[in-house]
Amino acid sequence: MGSVKVKLRQGTGTTQNIYIHFNYGRKKQYRYATGLSIKKAAHWDEQNNAVKNILAEPDSSNINADLAELLTFSRQLLRDLEKEDIPIDNRILKQRINQWKDKTGEKKEVAYLTDHYKWFTNYYKSKPRPSTGKPLAKSTLKPYNNTLRILEDYEEHIGGRLAFQHINLTFHSEFIQWLQDKGYTDNYIGTQIKNIKTVMHDAFERGLHKSLDYQKSAFTKPKEEVNHIYLTMDEIKSIKEINYSKRPHLDIARDLFVIAAVTGLRVSDYKSLSTSNIKAFRGISYLEIKTQKTGKIVHIPLHPFIKDILKKRDGQFPKMIPEQKINEALKSIGKKAKLNEEITIERTEGGIRTKTAFKKHQLLTNHTARRSFCTNAYKADMPVIDIMAISGHSSEKVFYNYIKASPLERLEKISGHAFFN
């Protein structure tokens, strides 16, 4: 009776090509090239006739699936030929295998994480997500696309593609280490892990895989508190009062920042403000805006600072300039406003805890305005539910991340409560 075995054969470099060996009589053998290969002989599990499921062999699952089917067919083929008493030779073995491949398709469709990731972002760009009932906003798509780029870079780094089954605890630790080696902060790394978990869960719910390591408690996203700055109302006022009549680009950047600081609007929302957003109700002038990220409609009383900006600009809002240009201008604007308080920023970069001293104006960004609004409104005793109605936050947990009052500022606020008086 004949036998079928799997054997490796040296390819180029350390590559090992996988062959099916048929033994069907005395000195009668046929070596069939499967077209499959692995990177190193050490990656082969001889006992199970399979490739080890390791990151160094990112296509191991698909190779093993194809090989298992081919082995099953080859063994059955040999039994059938012997049973039917058909003369066996290399020609008929090759012919029957090729006929089987023509029927089954030599190359089966493979589902990789990045393939589904591209589908996910493209599909939910216009379709509502089950968890939110809304499509992905442009501001949300940007970090998702950034994670996709990082995953593709990582695949290039490991020399192969990431199938769903590779997204396990080993991947988690090695991927984080790779990102830390690049000097990324823990919060930035955490965003990548969060996005990967979201796409993996979508694929799981669609029946594309059964890999559940991404749901384990150890598959965590790194996170740390960073002491982001905010500006007090006095500091915002000092910025507002700088005369930039001869520097129009700084004038526009400053006005956009001030508007955001007294409305709590995201860049994606205040960049499209126009007089059509100004409404009136019982003598109250307010802004009505449908937020881009959440689709919520918010109503914000018109702050005196905004009225001053509109008056200066003949009733018109400033025209939007690129977000990066605003960020660059804010450093100069903050310096002019003498925001020179020394701020020490602690964060984990590349897995190492660092402390870096900055002048306050060096840390100014567009997002500082939104944090400033939430913090100043909170310090002014505006009810949290009302602040969230303006800021558009749907979760108190997320909202409180924006409150940047120091412990002593909180003490000052709490001391005025009736309980302590």
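User: Before we get going, where's the cut-off for calling a residue buried?

Analyst: Buried means under 20% relative accessible area. Keep in mind that this is a predicted model.

User: OK, so why is tyrosine 32 called buried?

Analyst: Tyrosine 32 has 8% relative accessibility, and the limit is under 20%, so tyrosine 32 counts as buried. Tyrosine 30 comes in at 11%, so that one counts as buried too.

User: What makes the pair of tyrosine 30 and tyrosine 32 tilted?

Analyst: A ring pair is described by the distance of the centres and the angle of the planes. Here the centres are 6.3 Å apart, and a pair needs them within 6.5 Å. The planes stand at 55°; stacked would be under 30 degrees and edge-to-face over 60.

User: What makes you say the charged end of arginine 31 sits over the ring of tyrosine 19?

Analyst: The charged end of arginine 31 is 5.4 Å from the ring centre, and the limit is within 6 Å, plus within 35 degrees of the ring normal. Arginine 206 sits likewise over the ring of tyrosine 123, 5.7 Å from its centre.

User: How do you know that threonine 114 makes a polar contact with arginine 161?

Analyst: The two side chains come to 3.0 Å, and the cut-off is within 3.5 Å. Threonine 114 belongs to helix α3 and, at 1% relative accessibility, counts as buried. Leu148 and Glu152 are among its other contacts beyond four places in sequence.

User: Why are β1 and β3 called edge strands?

Analyst: The sheet is open, with its 3 strands in the order β1-β2-β3 and antiparallel pairing. β1 and β3 each have a single partner strand, so one side of each is left without a neighbour in the sheet.

User: And what makes β1 and β2 a pair?

Analyst: Pairing takes at least two bridges, and 8 bridges join β1 to β2. One example is valine 4, whose bridge partner in β2 is phenylalanine 22.

Key. Residues are numbered from 1 along each chain as its sequence is written. This is a predicted model: local features need pLDDT of at least 70, side-chain atom pairs count only at pLDDT 80 or more; totals for chains, interfaces and linings use all residues. Side-chain values use heavy atoms; hydrogens and water are left out. Helices (H or I, at least four residues) and strands (E, at least two) are DSSP runs, numbered from the N terminus. Buried means under 20% relative accessible area, exposed over 50%, partly exposed in between (1.4 Å probe, protein chains only). A polar contact is a pair of N or O atoms within 3.5 Å; within protein, one must be able to donate a hydrogen and the other to accept it, and residues adjacent in sequence count only if both atoms are side-chain atoms. Contact means heavy atoms within 4.5 Å. Rings of Phe, Tyr and Trp (its six-membered ring) pair if their centres lie within 6.5 Å; planes under 30 degrees apart count as stacked, over 60 as edge-to-face and the rest as tilted.
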